[in-house]
Amino acid sequence: MATTVREALEFLNEIAPPQWAFPNDPIGLQLGDPNQTVERVLVALDPDPRTVTQAKYRDCQLLVTHHPLIFRPLSKIRFDDPVGMAVQLLCEAKIALIAVHTNWDVAPGGINDTLAELLELTEIRPFGEGPARQEYKIAVFTPTPHIDAVIDAMANAGAGVIGLYRRCAFYASGVGTYEPMEGANPYLGQVGKREHAEEMRIEMLVPAERLNAVVQAMRRAHPYEEVAYDVYPLHTRAEHALGRVGVLPKPMLASELRDYLAQKLGNPFVRHYGKPSKVIRTLAVVGGSGGDYLPDAQQFHADALLTGEVRHHHTWEAWARDVVLFEGGHAETETPGAHRLADRLREFLAPRGVEVFFAGGES
Ligand SMILES: [Zn+2]
């Protein structure tokens with residue numbers, strides 16, 4: 001029993017849809033063959049050479065990490081450079097690499113939900129800007145019997161995804177009119193004669209990166225020789241919030257909360273910036289580098305924000321905004337969510353006889 005890299009990727013795309021990633025975040029299959037057979041998987045936070053070596057000695061065919069290995073286009077791959085070294089090791093051991101990054105930060109049950117649950121927050125709700133993507137609305141005019149074929153073709157090419165719903169479309173009936181000219185080969189009507197045809201106007205959302213593929217698929221599925229369609233750019237919006245905010249099990253002084261966080265995250269070096277005597281009831285959390293979410297935390301009336309690492313200017317901004325800022329460690333705030341990712345993969349892959357490990361030996 002086994003699976004393939006492609007099947008594992010399709011499952012990951014279901015629990016952390018790629019369209020939820022921030023623009024230019026190079027998630028997905030970064031290296032390897034989608035058709036490769038997989039019997040063992042290693043999950044980790046980072047695809048560093050040490051982790052790749054561990055995947056090799058555990059005889060894994062797939063490594064799934066939170067952080068991508070290749071962040072910017074590579075101009076060279078040198079084996080004495082840490083990224084090049086990891087690429088070399090992955091290629092030599094024939095290990096595929098999949099990254100599930102900001103799409104897993106945002107996803108239900110992902111990095112930030114897991115962090116909020118670990119801290120025993122209640123009344124958890126999303127907060128803060130998420131990934132904003134350029135989207136288009138495509139409107140196409142189709143003879144009524146062809147509605148489903150055209151909607152299916154566009155959906156299969158990537159149109160019509162809204163949150164956790166796919167094949168989303170709207171249609172309304174109307175009458176299209178036209179006159180075929182000499183040389184035309186009309187699906188309905190005759191050359192030189194004005195035609196009135198019952199048509200449906202179908203509307204679907206399309207992310208920018210799928211627009212060309214969707215238009216091509218729509219034209220192939222459409223019966224008309226000349227297809228009438230419009231493409232409208234939409235006001236860019238952020239549909240999914242990245243952070244989570246919730247209520248602590250009990251109100252705590254900032255200094256007490258620091259100890260609570262240190263214990264929950266397993267990091268004695270948690271630091272805090274802002275008024276130590278402030279009583280914290282609601283806590284906002286953003287795993288990783290989330291200092292820029294201070295204004296959002298303030299807007300959501302959070303008393304404090306926990307993130308992994310902060311820049312110097314965030315430390316005085318915390319005082320100025322009266323939002324206590326906790327720096328819990330990049331790895332410490334994201335590892336619980338990476339473990340959750342391993343658990344989800346294991347639920348899916350164990351019935352297929354595939355073993356899933358977490359880097360470092362824990363599972
Ligand atoms: Zn991170």
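I take helices here as DSSP runs of H or I with at least four residues, and strands as runs of E with at least two, both numbered from the N terminus. On that basis I count 11 helices and 19 strands in the protein. I note at the outset that this is a predicted model.

**Entry: overall layout**

I looked up the extent of the protein. Its C-alpha atoms fill a box of roughly 85 × 50 × 40 Å along the principal axes. Of the 363 residues, 40% count as buried. I also checked the contacts with a separation of 6 or more, and residues 24 or more positions apart account for 72% of them.

I then looked up the domains. Domain 1 takes in 3–100 + 335–358, domain 2 takes in 111–130 + 241–328, and domain 3 covers 135–235. Between the centres of domain 2 and domain 3, taken over C-alpha atoms, I find 48 Å.

**Entry: helix 7**

Which residues of helix 7 are buried? In this helix, residues 211–221, I list Val214, Val215, Ala217, Met218 and Ala221 as buried. Seen down the axis, these buried residues fall within an arc of 165 degrees, so they line one face of helix 7. I keep in mind that an α-helix has 3.6 residues a turn, so residues three or four places apart point the same way. On the other side of helix 7 I find Asn212, Gln216 and Arg220 exposed.

I asked what covers the buried residues of helix 7.

**Entry: helix 5 against helix 11**

I looked at how helix 5 (residues 111–118) packs with helix 11 (residues 330–349). The angle is about 110 degrees, and the axes are 8 Å apart. Angles of 65 to 115 degrees count as roughly perpendicular, and helix 5 and helix 11 are therefore roughly perpendicular to each other. From helix 5, Ile111, Thr114, Leu115 and Leu118 take part in the contact, and they meet Thr333, Glu334, Pro336, Gly337 and Arg340 of helix 11. I sort the residues of this contact into 4 nonpolar, 3 polar and 2 charged.

**Entry: glycine 291**

Is glycine 291 buried or exposed? I find 21 other C-beta atoms within 10 Å of glycine 291, and the cut-off for buried is 20 or more, so glycine 291 is buried. Glycine 291 sits in the loop between strand 16 (279–286) and helix 9 (294–299). Apart from neighbours within four places in sequence, glycine 291 is in contact with Thr307, Val310, Arg311 and His314. I also looked up phenylalanine 326, which is 35 residues from glycine 291 along the chain; their C-alpha atoms are separated by 9.4 Å.

**Entry: glutamate 10**

I find glutamate 10 in helix 1 (residues 5–15). Glutamate 10 is partly exposed, with 13 other C-beta atoms within 10 Å.

**Entry: positive phi**

I looked up two residues with positive phi. Aspartate 59 is not a glycine, yet its phi is positive, at about 60 degrees. This aspartate lies in the loop between helix 2 (49–57) and strand 5 (62–65). Aspartate 59 has 12 C-beta neighbours inside 10 Å and counts as exposed.

Histidine 301 also has a positive phi, near 60 degrees, and is a residue other than glycine. I place histidine 301 in the loop between helix 9 and strand 17 (304–307). Histidine 301 is exposed, with 12 other C-beta atoms within 10 Å.

Note on methods:
Residues are numbered from 1 along each chain as its sequence is written. This is a predicted model: local features need pLDDT of at least 70, side-chain atom pairs count only at pLDDT 80 or more; totals for chains, interfaces and linings use all residues. Axes are lines fitted to C-alpha atoms, for helices over the stretch in contact, and angles run from 0 to 180 degrees between N-to-C directions. Angles under 35 degrees count as roughly parallel, over 145 as roughly antiparallel, 65 to 115 as roughly perpendicular and the rest as oblique. Two residues are in contact if their C-beta atoms, placed from the backbone, lie within 7 Å. Ala, Val, Leu, Ile, Met, Phe, Trp, Tyr, Cys and Pro count as nonpolar, Asp, Glu, Lys and Arg as charged, and the others, Gly among them, as polar. Domain bounds come from an automatic or database domain assignment. The arc is that of the directions from the helix axis to the C-beta atoms.
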